[in-house]
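Colleague: Before we discuss the interface, I would like to see the model itself and to hear how each term is being used.

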Amino acid sequence: MKPAVDPLAQLAEIRTIMERSSRFISLSGLSGVGAGVVALAGAAFGHWYLHTQFRSDDVAANPYAATPYGSTFGDSSGFVRLMEGSAEARMATLPFLLGLALGIIVLAGLVAVYFTRRRSRSAGRSLWDPVVRRLFWSMAVPLVAGGLFCLRLYVHGAAGLVVPAMLIFYGLALLNASKYTLDEIKLLGITEIGVGLVAMLFPDWAFAFFAVGFGLCHIGYGLLMYNRYERQRRADPVA
Amino acid sequence: MKHAIHQLNKAFDHRVRLGVMAVLMANEEVSFGDLKETLDLTDGNLASHAAALEKAGYVQVNKQFIGKKPNTTFTATKEGRQAFQDHLDTLEKLLRRDG
């Protein structure tokens, strides 16, 4: 006869329920790698676009060429000229930058959801349970606040502070959300805040810091998490 | 000496009650809906077991209204946390004795 109390099974079940109800652990490292690649591509595209927009000294092709910054040819960073240029030039570029930012967010989000859903499905977990909802809101609030703050910074003329602010707010959002998911997310958050603080000192290099913070950091931590939690399991199906 | 199995708390005899307490140990305050979803239960099932735990004084049931919608949340009481911890300790003791 089966014993009425199986302490091992009970303890194991309690441990699973406690963890499952408070943390989302099916986050895939490949999500980070994918999002990082999207961010790198976006940064490169944005850099290239600003470079071509703010390089030409042909007034017909480029209405901003007459400004002191638009006329300097062959400068390596179109962003510097945009940053120091007129308010009109900034406003004219805003739709492009907003579109780029939204494009990166949507694409990176889709890639992240794809890999994480693949992992949580193999673990038999729903992707939209109470913990994931808490995780979502704990990130959404700082991110929306940060987004509006960055928009205001840009419109107000402090374009050089936009990328540092994005990195800092994103880092704070991750730090806030990390209590509901893997510990690596806390480290990633702190790293993003650090990159943002350093970026603040070098406003000319915004695109480079964007690429480091949103690109390389995601790829690095993504690979770390993949190696730690996913690779072994795939190689050893028994575990 | 009494076998440790007799020290196991009767209030946690059922899987659902064990599950409810486990969730409430790991989370400060949990709504009825979230608890139901996390443990994959029906309304009636959760309500009856939650009532049993409330009667034992282990769970506090907070009933509020958000507009016209009732919103029930649960928190583990101090006694509940202590009792659950004791239950876990007893389970461990049983394991050590048998293993």
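Modeller: A salt bridge here is a side-chain nitrogen of Lys or Arg within 4 Å of a carboxyl oxygen of Asp or Glu, and across the interface of chain A and chain B that rule finds 3. This is a predicted model, in which local features need pLDDT of at least 70 and side-chain atom pairs count only at pLDDT 80 or more, whereas totals for chains, interfaces and linings use all residues. Side-chain values use heavy atoms, with hydrogens and water left out, residues are numbered from 1 along each chain as its sequence is written, and chains are lettered from A in the order in which they are written.

Colleague: What makes up the side of chain A that touches chain B?

Modeller: Helix H1 (7–22) and helix H5 (130–156) of chain A each supply at least two of its residues (helices being DSSP runs of H or I, at least four residues). H1(A) gives the most, with 11 residues.

Colleague: How many residues are in contact, and how much area is buried?

Modeller: With contact meaning heavy atoms within 4.5 Å, 17 residues of chain A meet 21 residues of chain B. The two chains bury about 1700 Å², 67% of it on carbon and sulfur atoms, where buried area is the accessible area (1.4 Å probe) lost on being put together, summed over both.
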